[in-house]
Amino acid sequence: FHGQTIFHDPEKKISKQLGEGKLLSQLVKKDVIYDFRQKDLENNGQGAPLTPIFHNLLSRNINEKYQIEFPICFINIGGISNITKIINKDENLEAFDSGPGNCLIDEWVRKNSQKKFDHDGSIAKSGKINQLILNQAIENFKIESYKKSLDIKNFDISFARGLSFEDGCATITNFTAYLISKGIEYSNNNNDKLIKYLICGGGRKNSFLIQSIKDYLSYKTNISLELIDKYSFDGDYIESQAFGYLAIRSFLNLPITYPTTTGCIKPTTGGKLVKSF
């Protein structure tokens with residue numbers, strides 16, 4: 001049980017999620033593993049991202065079933081976007097948060113309409129990107145280092161203030177795409193070999209966002225972006241399956257985070273096991 005993150009600050013070694021593991025265990029009369037981030041923070045990690053070790057497992061399956069060569073990369077577009085690069089089969093992986101995923105788009109839509117998100121990117125498609133405001137946002141927000149985890153509160157939509165609903169959505173979506181594309185470029189390391197990037201998370205359903213990412217990367221001939229659904233996985237459930245896998249690894253006292261994924265000083269196991277029944 002992960003819960004909903006409401007505050008995350010690695011420098012203060014605090015990560016708070018809504019939901020009480022002990023109460024859940026009592027209610028459902030099951031062992032519950034929760035609080036996955038704290039041990040990583042205590043080992044000087046960023047507490048995020050946590051899904052890379054599960055991406056590692058998926059990469060082996062995809063490598064064997066579809067003869068896709070390593071490195072294999074995963075782009076998870078949730079509230080925040082993160083990228084995992086699996087270099088080979090031997091748990092040799094790198095990962096980092098790359099910027100906003102759905103968070104800015106969702107916030108704009110919810111504040112300016114009765115809708116909760118931009119279904120298929122249809123609102124953004126109907127608007128026009130304000131290039132001047134977009135360029136200013138890109139100039140004002142540069143990720144200097146990919147060594148820090150990110151929180152939704154690191155971003156805001158104020159740069160789009162004054163734009164129409166549709167134009168604001170188009171501009172914010174394109175800004176999000178720009179930051180994701182920069183993260184992909186960073187992970188690519190000027191490698192000439194074709195690398196497959198598999199997209200999962202709710203953001204993969206926003207076709208305007210995905211096309212915008214592809215447009216920013218159109219000059220890169222060694223990057224292939226595809227939805228993970230093409231490889232017999234449902235992209236809606238990668239995150240939930242990942243935490244099931246992390247729970248078992250925690251139960252077996254196996255590491256769930258690594259120096260190359262969260263910056264922790266050593267491979268670190270995670271969640272707390274509670275049995276309140």
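By class, 5 nonpolar, 5 polar and 6 charged residues make up the lining of the second largest pocket. That is a friendly place to start a walk through this structure, which is a predicted model.

Now turn to the largest pocket, which holds about 1,200 Å³ of space. Its lining counts 39 residues, with Q4, G78, G79, I80 and I152 closest to the centre. Sorted by class, the lining of the largest pocket has 11 nonpolar, 17 polar and 11 charged residues.

Which helices and strands each supply at least two residues of the lining of the largest pocket? They are the strands β1 (4-9), β4 (72-77) and β5 (80-88), together with the helices α4 and α9 (238-251). Helix α4 gives the most, with 5 residues. You can find α4 at residues 103-112.

If you wonder how such spaces are found, the idea is simple: rolling a probe the size of a water molecule over the atoms shows where empty space is left.

## Helices that pack together

Two packed helices are described by the angle between their axes and the distance between the axes.

| Helix pair | Angle between axes | Distance between axes |
|---|---|---|
| α4 and α7 | roughly 170° | within 9 Å |
| α6 and α7 | about 35° | 10 Å |
| α3 and α9 | roughly 100° | within 9 Å |

Begin with α4 and its partner α7, which spans residues 165-188. Their axes cross at roughly 170°, which makes α4 roughly antiparallel to α7. The crossing of these two helices is right-handed. On the α4 side, the contact is made by L104, I105, W108, V109 and N112. Facing them from α7 are F165, G168, C169, I172, T173, F175 and T176. Taken by class, the residues of this contact are 8 nonpolar, 4 polar and no charged.

Helix α7 also packs against α6, which covers residues 131-140. This crossing of α6 and α7 is right-handed. Here I133, L134, A137 and I138 of α6 meet T171, N174, F175 and Y178 of α7. Which classes make up the contact of α6 with α7? It has 6 nonpolar and 2 polar residues, and no charged ones. Notice F175 of α7: this residue takes part in the contact with α4, and F175 also takes part in the contact with α6.

The remaining pair is α3 and α9, whose axes cross at roughly 100°. That makes α3 roughly perpendicular to α9. From α3, the residues I53, F54, H55, L57 and L58 meet I238, Q241, A242, Y245, L246 and R249 of α9. By class, this contact of α3 with α9 has 8 nonpolar, 2 polar and 1 charged. Recall that α9 is also one of the elements that supply at least two residues to the lining of the largest pocket.

## Details in the loops

A cis peptide bond joins A48 and P49, with omega at about -5°. Where is P49 placed? It sits in the loop between α2 (38-42) and α3 (52-66).

Another cis peptide bond runs from F70 to P71, and its omega is near -5°. P71 belongs to the loop between α3 and β4. Q67 is found in the loop between α3 and β4 as well. Although Q67 is not a glycine, it has a positive phi of about 55°.

Finally, visit I143, which lies in the loop between α6 and α7. What does I143 touch, leaving aside its neighbours within four places in sequence? It is in contact with S98, G99 and L150.

Definitions and conventions. Residues are numbered from 1 along each chain as its sequence is written. This is a predicted model: local features need pLDDT of at least 70, side-chain atom pairs count only at pLDDT 80 or more; totals for chains, interfaces and linings use all residues. Side-chain values use heavy atoms; hydrogens and water are left out. Axes are lines fitted to C-alpha atoms, for helices over the stretch in contact, and angles run from 0 to 180 degrees between N-to-C directions. Helices (H or I, at least four residues) and strands (E, at least two) are DSSP runs, numbered from the N terminus. Angles under 35 degrees count as roughly parallel, over 145 as roughly antiparallel, 65 to 115 as roughly perpendicular and the rest as oblique. A crossing is left-handed if the near helix is turned anticlockwise from the far one by less than a right angle, and right-handed if clockwise. Contact means heavy atoms within 4.5 Å. Ala, Val, Leu, Ile, Met, Phe, Trp, Tyr, Cys and Pro count as nonpolar, Asp, Glu, Lys and Arg as charged, and the others, Gly among them, as polar. On a 1 Å grid over the protein atoms alone, a cavity is a set of points where a 1.4 Å probe fits but cannot get out, and a pocket is an open set with protein on both sides within 12 Å along at least five of seven lines; lining residues have an atom within 4 Å of a point. Grid points are joined across faces, edges and corners, and a volume is the space filled by probe spheres set on the points.
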